[in-house]
Amino acid sequence: MSGDPFFATSDPCWLASALRHPVRERTVDVLGDGPLTRTVAGELEAIGAQRVSRSLRPGSDVVFGTIDALREAGVDPSAVAALTERCVDITGEGFVLHAVGETLYVTANGGRGLLYGFFRLLREPLLGDGWDAGLEIVESPVRPIRMLDHWDNMNADGPMGSVERGYAGPSIFFRDGRIVADTGRLVDYARLLASIGINAVAINNVNVHATEARLLVDHLADLTDVAAVFRRYGIALFVSVDFAAPLQVGGLATADPAAPAVQAWWAELTALVYRAIPDFGGYVVKADSEGRPGPFAYGRGHADGANLLARALRPFDGTLFWRCFVYDSQQDWRDRSTDRARAAHDHFAPLDGTFDDNVVLQVKAGPMDFQVREPVSPLLGALEATNLVVEMQITQEYTGHQIDLFYLPRTWEEVLRFDLDGPEAPPGGERTVAAVTASPDGARRVGMVAVSNVGVDPSWTGHPLAQANLYGFGRLAWSNEVSSSEILDEWIRLTFDVPDPEARALHEVIWQSPVVYEEYTAPLGVGWMVTPHVHYGPSVDGYEYSRWGTYHFADHAGIGVDRTVATGTGFAGQYAPGWADCYESPERCPDELLLFFHHVPYGHVLHSGSTVLQHIYDSHFRGVERVEAMVRTWGSLRGSVPAAVHAEVASRLDRQLVNARDWRDQVCTYFYRSSGIPDERGRRIY
Ligand code: GCV
């Protein structure tokens, strides 16, 4: 199998730092024998720790164990008392790192917490200079759900599983029409995810095709093997299911949620799954969305559909994720009364409070579809009596296909900081997206989900620097305290062992990447303008006369979508009054969202003082110049980062520059030709 990337040993990513961590040189005791404690012991060995014992020795440097294990092993009672006191403040997934005398204890209330504490220790740089006697870290995740969705297909007719919107090679899970669990890669993946606190993974596409609809029936043994690997790293396995499976797979005459035979079919199937995988996570469902089957066919609603599956999962405490990405994907472009942006809120806000308590509504961060710039989905503010997760996209569908660099955590942080109650709400209020997706005591099923960006590519992510997006997702899902800029520094430090000036240059290139990408693509929040279906590269009118509801309405005089209550689609009115007022007014609306909410003439003056058209020209020229600068900065890092990484990124940056120039020239030319208004600065437009 050598050379076959599906089986190859993979890039350690940010865990590269573990292989040089000072804990490797210390005496370490790992106490207790729970499955995740065994994982910690195994991981210590894997990073080359030489002096590990599975029993308590006097004077060891580091002691790992759940609080019960420490007590049972006879750890000094005063240390146990100090640790117990700290464990009161953490959840089952939290951990305590606390030094007592010369010994550093890593403890938790349960195995998962211990594993997370282990990975937290690996991030701690202080240890290189000797033990910091004051070292004290007490942490619990702020979100109980920290999940990745794979859009991976089994492809029964081909050797490799494909990945919908995947830019890092084929699936790491599927090959030759089956699930392959015995690759080292799967263990490596689980380790990477656990190290950033991910605790749930759905392994197959939400667009469930015929073969994958049979996963639970035909491939349960293989799923059991995947679950076993995940279990060692505290990750629950989820599967995307087809709402019509009772028909397609079960041979029933209907999939109607009200039909007792359908209820019995799901209940029996689910019981079978839990017999094989007692800690199975549950199901993910995309229903009545983009052609997928759902309850509408039977005159039922989303709550009927979701509760049907939730009740099958209920006896096992399983969770049902029901996606809210529901809109009319057969729209006539001539129809100006339908607005795709409204759809999720229109469908789901009235259903708030009607879902069972093991249903989680999965809401895309924006009202459209993972565009470079959209407002935050108003649905996130409308679900007060329903569990919810916000859905992000790590795979770079609309953000450069992992050819162009795009540091996504910077944009996710903006979403998380958005206060759903309005722009004047006091900072730190209770209704930011960060707050409504958090449950610090772990009591509510809420959190963050993202579409994974990995495949069998040797770097996992195609673009080596796109690893930062995966890392950043895990870190933001875990904590509301850490900023995306800090996360970037952390990632750079862990991934590349470089001195400060180079680390700063890396930071600069990566940090500015979303701003730069936004500059050379669709302007001022209007979205799309991408090559249809592919979603990379410019095509200004590519979606203008399509059925997808994604229009910009540009003509000779102006551009943008009127989503006001007064004269437009009324979408602005789905927000709390503060935001509704702000978005309703072209004077108050933030520049970067102006064309999302308003149709304005090209001469409309932005807050920046520029006209809309001049802004389009300027931002596109600036975006290309900044990519040129990124290429230069990256060139200066030759010799500082591993040669293969340098070469790979350099070649992707060259492609990014070609892409940025294409965008600039097509967008500027399009608007110059439509408006007849020249660039004030007389730059070359075609
Ligand atoms: C999995 C967008 C993507 C689709 C994706 C869909 C979804 O429309 O282009 O590939 O389907 O979102 O989130 O369900």
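In this predicted model, three bridges connect strand 11 (residues 236-240) with strand 12 (residues 282-285), and the two strands run parallel. Within this pair, Ser240 lies opposite Val284 of strand 12.

Eight strands close into it in the order 7-10-11-12-13-14-15-16, with parallel pairing. Neighbouring strands of this sheet are turned against each other by 25° on average, with direction ignored.

Helix 7 (residues 220-231) lies across strand 10 (200-202) and strand 11, and runs at about 140° to strand 11. Helix 10 (residues 302-313) lies across strand 12, strand 13 (319-323) and strand 14 (359-364); its direction is at about 160° to strand 13.

Val28 has Val62 in strand 3 as its bridge partner.

Attention now turns to the packing of helices. Helix 1 (residues 35-46) and helix 4 (residues 111-123) have axes that come within 8 Å and cross at roughly 20°. The two helices are therefore roughly parallel to each other, since angles under 35 degrees count as such. On the side of helix 1, the contact is made by Leu36, Thr37, Thr39, Val40, Glu43 and Leu44, and on the side of helix 4 by Gly111, Arg112, Leu114, Leu115, Phe118 and Phe119. By class, this contact of helix 1 with helix 4 comprises seven nonpolar, three polar and two charged residues.

Helix 4 is also among the elements that cover the buried residues of helix 15, together with helix 12 (409-417), helix 14 (467-478) and helix 16 (500-511). The buried residues of helix 15 are Ser484, Ile487, Leu488, Glu490, Trp491, Ile492, Leu494 and Thr495. The length of helix 15 (residues 484-495) can be checked against expectation: at 1.5 Å a residue, its twelve residues should span 16 Å, and the end C-alpha atoms are 16 Å apart, which agrees.

Conventions
Residues numbered from 1 in each chain as written. Predicted model: local features only at pLDDT ≥ 70, side-chain atom pairs only at ≥ 80, totals over all residues. Heavy atoms only, no water. Pairing = 2+ DSSP bridges. Helix = DSSP H or I, 4+ residues; strand = E, 2+ residues; numbered from the N terminus. Axes fitted to C-alpha atoms, helices over the stretch in contact; angles between N-to-C directions. Contact = heavy atoms within 4.5 Å. Parallel < 35°, antiparallel > 145°, perpendicular 65-115°, else oblique. Nonpolar A, V, L, I, M, F, W, Y, C, P; charged D, E, K, R; others polar. Expected span 1.5 Å × (residues − 1). Buried < 20%, exposed > 50% of the residue type's maximum accessible area, 1.4 Å probe, protein only.
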